[in-house]
Amino acid sequence: MKQQAQVKKEKQANCFKQLERAYEKAFFKKENARKGELTLLDKMEDAFWAAVEAKDLSVKLPDSDFQRKSSLFIKGEQMNKNIFA
Amino acid sequence: MLRKQAPSVELPDADVIRQYLRTQDPAYFSILYRKYAGKVYGKCLSILKEEELARDAMQEIFMKILLNLSAFGEKSMFSTWIYSITYNYCIDMIRRKKKEQTLFTDDIERAPDVAEEEIPDELLLEMDVKQLKVVLAILPEGDRIILLMKYQDDKSIKEIAETLKKTESAIKMKIKRAKQKAVEIFKQKFPVS
């Protein structure tokens with residue numbers, strides 16, 4: 001418990017982590033909740049799913065069990081090849 | 001297509017991914033999106049500096065995550081995996097924009113300066129958020145990225161080296177120089193009165 005408190009204190013003292021939290025907070029903020037305003041997150045997610053639908057993306061199911069497929073994930077060079085192909 | 005109603009139960013990321021891959025129910029992917037979108041957006045904005053660019057980058061990154069989810073390995077945490085995708089995507093964007101491969105200003109070989117001073121972390125970490133935003137906006141991209149990896153994500157030297165495809169000793173030097181530049185900018189912009 002004491003250790004957790006110490007970690008929390010360190011995080012609070014780290015401006016990089018504070019910046020991360022500030023951006024997250026902005027993401028969840030409603031400009032005008034009474035008018036039913038959506039958060040930026042809601043708007044972005046709606047746009048995301050609209051883009052998925054527009055692109056007619058269908059994610060292939062793994063052809064075998066997840067664990068085996070998972071082991072194919074490789075760091076660095078190969079990850080770039082897979083992801084940015 | 002509207003937002004997906006996410007299941008109300010809190011599941012570990014690996015379980016959510018398995019459920020998504022098994023059922024293809026977008027509600028499961030939505031859990032991941034809502035959990036990490038803020039952090040991914042923040043990193044994109046810190047690196048790319050423009051809100052519109054950051055939003056576009058974030059959507060592209062989640063598209064890649066969606067399409068490559070079956071390739072995720074549980075060797076690393078899911079957050080580590082998506083942050084690596086985020087950094088790689090932003091680095092790729094910057095390189096395409098610059099039409100050159102140099103990300104760091106000191107990629108052009110520079111002799112190590114033995115007199116280079118080691119900056120204590122406290123000097124860097126005790127800025128307030130507004131000051132940090134100013135400093136990050138002025139720092140070169142490579143320095144911004146390396147400081148975010150180290151101080152926001154607590155990535156190890158080895159992990160940073162793997163992501164940036166540099167040697168560990170080169171990364172140590174780059175962190176040291178990025179800290180120096182950040183503190184120099186901070187002192188210039190916010191002189192003690």
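Helices here are DSSP runs of H or I spanning at least four residues, numbered from the N terminus. The model shown in these views is predicted.

**View 1. Chain A is built from helices.** Chain A has 5 helices and 0 strands. Its pattern along the sequence reads α-α-α-α-α. Of the 85 residues in chain A, 13% are buried.

View 2. The mean pLDDT of chain A is 66. A value of 70 or more is reached by 44% of its residues. Helix α2 (residues 15–28) of chain A has the highest confidence, at 88. Helix α4 (residues 66–70) of chain A has the lowest, at a mean of 37. Over residues 58–85 of chain A, the pLDDT is below 50. This stretch still has 38 contacts in the model beyond near neighbours in sequence.

View 3. L19(A) sits in helix α2 of chain A. Is L19(A) buried or exposed? It counts as buried, because it has 24 C-beta neighbours inside 10 Å. The cut-off for a buried residue is 20 or more. Leaving out residues up to four places away in sequence, L19(A) touches S46(B), V129(B), L132(B) and K133(B).

**View 4. Chain B is also drawn as helices.** The secondary structure of chain B comes to 9 helices and 0 strands. Along the sequence, the pattern is α-α-α-α-α-α-α-α-α. Buried residues account for 37% of the 193 residues in chain B. Now take the contacts in chain B with a separation of 6 or more. Residues 24 or more positions apart make up 64% of them.

**View 5. Helices α6 and α9 of chain B cross.** Helix α6 (residues 129–138) of chain B and helix α9 (residues 168–189) of chain B have axes that come within 9 Å. The axes cross at roughly 120°. That angle makes α6(B) oblique to α9(B). The crossing of α6(B) and α9(B) is right-handed. Which residues of α6(B) and α9(B) make the contact? From α6(B) come Q131(B), V134(B), V135(B) and I138(B). From α9(B) come A182(B), I185(B), F186(B) and K189(B). The residues of this contact divide into 6 nonpolar, 1 polar and 1 charged.

**View 6. E141(B) is a buried residue in a helix.** E141(B) lies in helix α7 (residues 141–151) of chain B. With 20 other C-beta atoms within 10 Å, E141(B) is buried. The cut-off is 20 or more, so E141(B) qualifies. How many residues separate E141(B) and R22(B) in sequence? The two are 119 residues apart in sequence. In space, E141(B) and R22(B) are 39 Å apart, C-alpha to C-alpha.

**View 7. Q24(B) has a positive phi.** The phi of Q24(B) is about 60°, although Q24(B) is not a glycine. Q24(B) is found in the loop between α1 (13–23) and α2 (26–48) of chain B. It has 13 other C-beta atoms within 10 Å, so Q24(B) is partly exposed.

**View 8. K165(B) has a positive phi.** K165(B) is not a glycine, yet its phi is positive, at about 55°. Where is K165(B) found? K165(B) is in the loop between α8 (157–164) and α9 of chain B. With 12 other C-beta atoms within 10 Å, K165(B) is exposed. The cut-off for an exposed residue is 12 or fewer.

Technical notes. Residues numbered from 1 in each chain as written. Chains lettered and ligands numbered in written order. Predicted model: local features only at pLDDT ≥ 70, side-chain atom pairs only at ≥ 80, totals over all residues. Helix = DSSP H or I, 4+ residues; strand = E, 2+ residues; numbered from the N terminus. pLDDT = per-residue confidence, 0-100. Contact = placed C-beta atoms within 7 Å. Axes fitted to C-alpha atoms, helices over the stretch in contact; angles between N-to-C directions. Parallel < 35°, antiparallel > 145°, perpendicular 65-115°, else oblique. Left-handed = near helix turned anticlockwise from the far one by under 90°. Nonpolar A, V, L, I, M, F, W, Y, C, P; charged D, E, K, R; others polar.
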